[in-house]
Amino acid sequence: MKIAFIHPDLGIGGAERLVVDAAVGLQSLGHIVTVYTSRCDRKHCFEEVRDGTLNVVVKGDTIFPRTIFGRFAIMCAILRQLHLTLFLLQHENTTYDAIFVDQLSFCIPLLRIGLDRRKPGPNCESNSAYSRRSASERRKRKARILFYCHFPDKLLATRKSLIKRLYRIPFDTIEAYSTSRADILMVNSRFTQRIFRQEFPSINRTPGVVYPCVSESQDKNEQVVRLVRDSGKSTVLSVNRFERKKGIALGISAYAALRETPGFAKTALLIVGGYDSAVKENIEYLSELQGLCDMLGMEHKTIWDIEKNTTLFSAALSSSSVLFCPSVSSPVRNALLSTCCALTYTPTNEHFGIVPLEAMLMSVPVIATSTGGPLETVDDGVTGWLRTPDVSAWTPVLKHVLFEATDAELKAMGKRCRETVLKKFSRTEMATSFQRAFLSASEFSSDQDNHADQQPAFLRTPKPRDAAWIAFLGWATYYCKYGLEFTVPSFSEVIVGACIVLVVYYAFF
């Protein structure tokens, strides 16, 4: 099959890791895969993207900004995704058997009317259930569209003001509609599956669960391994992006509570994570965590690019209790994982969480919050510890790991960790699940295909009533913002208001 992936920003994160692993896994099964993204920094991405293992097409980054004056991120993301989709439809002179969309579903209705599979893919003929169909039947089929929901976007948005709540109404409505237009719905955990059913009651389907996988590549920077071991310190590791929702402060506070424990000087907390200088929150949160260490009286250092600054890293590890190591490479991360006593995973209600599995694959026990995805990956007392996101609950576990547990106990737990991951969370298993979903969807007509040829509202011939309704919605939007007083809106407010009006009108009318 020919398979296209559409992903908004191919940086470094759990969602990006899943996309890369799914694409590489399907490619290894003999399928032809192309990844379309609106942004990809070749210096801030996974190795498979950087070294050319995957065919990645980047479009839209120079046309639409990520935000408008630091705001309207969702609107900008949708515009970038739609531009990327139009590029795929208009300029890519090929046909696809399957489309993988994740994070944002807004492009799916456009894909349904634009991706007509006029001929089957080169490998699709080998599938007997599909090839038994006549040529005319296959020409009428659309490419199967799979939407993988990491978590409903509507729940990721803040709604602290009335304007913000009004602003989100059209996006939430269209998210539900566009998600329903996918042929195949998948989510990353049973936790997300429950949330999906609660938040999209209008979608009368229960999405399937495909767990993210863990890459079995364990390339390690041996120099970093030697430096950590030579330091004589017992380390615990935190691996997360520098975002507030990751709750990294919990791990720092719980570790700081042990500073009066005998032998504390022979321990260290290493905080490793994705850091993008173009993301304001990354900059702010790193500064906040450094300030927290100062407030708690914890000696800390920040090391940039460990591979080029090994001497500085070694000196900092010897003299500091907390080390911040932003944006390390996979070999360095694996080296730090292989030498630590345990991983601290601090996010609350994380949709799934790939980092605990990466640690478990390296035979490292995990300390995680007893919420969200870790409930499905970490077995309390067997492969790690699940605790409420509270400092008083975490401190005793850290004390046990660093000062009380024997090497034999930690190694036995680590062995169980690795066995669990290899059995349930392999790349082959995940890729096979996606392949099975695509092929099964190709064997029958979705009920939605009965309406596949209907044009969406924004393509129909304009009528006088359209102008009247749009004018009314424009006045209503203006009234909600300014009331009866005459105020001249700014240029950005005009653009945002116009987008809201058009989205609301075409969503409902």
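Select F425 first: at 2% relative accessibility it counts as buried, where buried means under 20% relative accessible area, exposed over 50% and partly exposed in between (1.4 Å probe, protein chains only). The model is predicted, so local features need pLDDT of at least 70 and side-chain atom pairs count only at pLDDT 80 or more, while totals for chains, interfaces and linings use all residues. Residues are numbered from 1 along each chain as its sequence is written, and side-chain values use heavy atoms, with hydrogens and water left out.

Zoom out for a moment. The protein has 20 helices and 14 strands; helices (H or I, at least four residues) and strands (E, at least two) are DSSP runs, numbered from the N terminus. Of its 509 residues, 52% are buried.

**Aromatic pairs**

Rings of Phe, Tyr and Trp (its six-membered ring) pair if their centres lie within 6.5 Å; planes under 30 degrees apart count as stacked, over 60 as edge-to-face and the rest as tilted. The count by this rule is 13 aromatic pairs. Select F100 and Y148: their ring centres are 6.0 Å apart and their planes stand at 20 degrees, so the pair is stacked. F100 is in strand β4 (residues 98-102) and Y148 in strand β5 (residues 144-149), 48 residues apart. F100 is buried at 0% relative accessibility, and Y148 is buried at 0% as well.

Y211 lies in the loop between β7 (208-209) and α9 (222-231), and F425 in the loop between α17 (407-424) and α18 (427-442), so the pair ties together parts that are 214 residues apart in sequence. Y211 is buried, with a relative accessible area of 19%.

**The cores**

A nonpolar core is a set of buried Ala, Val, Leu, Ile, Met, Phe, Trp, Tyr and Cys residues joined through side-chain atoms within 4.5 Å. The largest has 42 residues, and L237, I306, F313, L336 and L343 have the most contacts inside it. Helix α14 (residues 355-361) gives the largest share of this core, five residues. Now select F313: leaving out residues up to four places away in sequence, F313 touches V224, L227, V228, L270, I303, I306, L323, C325 and L336, contact meaning heavy atoms within 4.5 Å. A second, separate core of 34 residues includes L258, L269, M298 and L402.

Show α9 with helix α13 (residues 330-339). They pack at an angle of about 35 degrees with their axes 8 Å apart; axes are lines fitted to C-alpha atoms, for helices over the stretch in contact, and angles run from 0 to 180 degrees between N-to-C directions. The contact is made by V224, V225, V228 and R229 of α9 and by V332, A335, L336, S338 and T339 of α13.

H351 is buried, with a relative accessible area of 17%. Beyond its neighbours within four places in sequence, H351 is in contact with residues including H150, F151, F191 and T192. In helix α8 (residues 190-199), F191 and T192 are among the buried residues.
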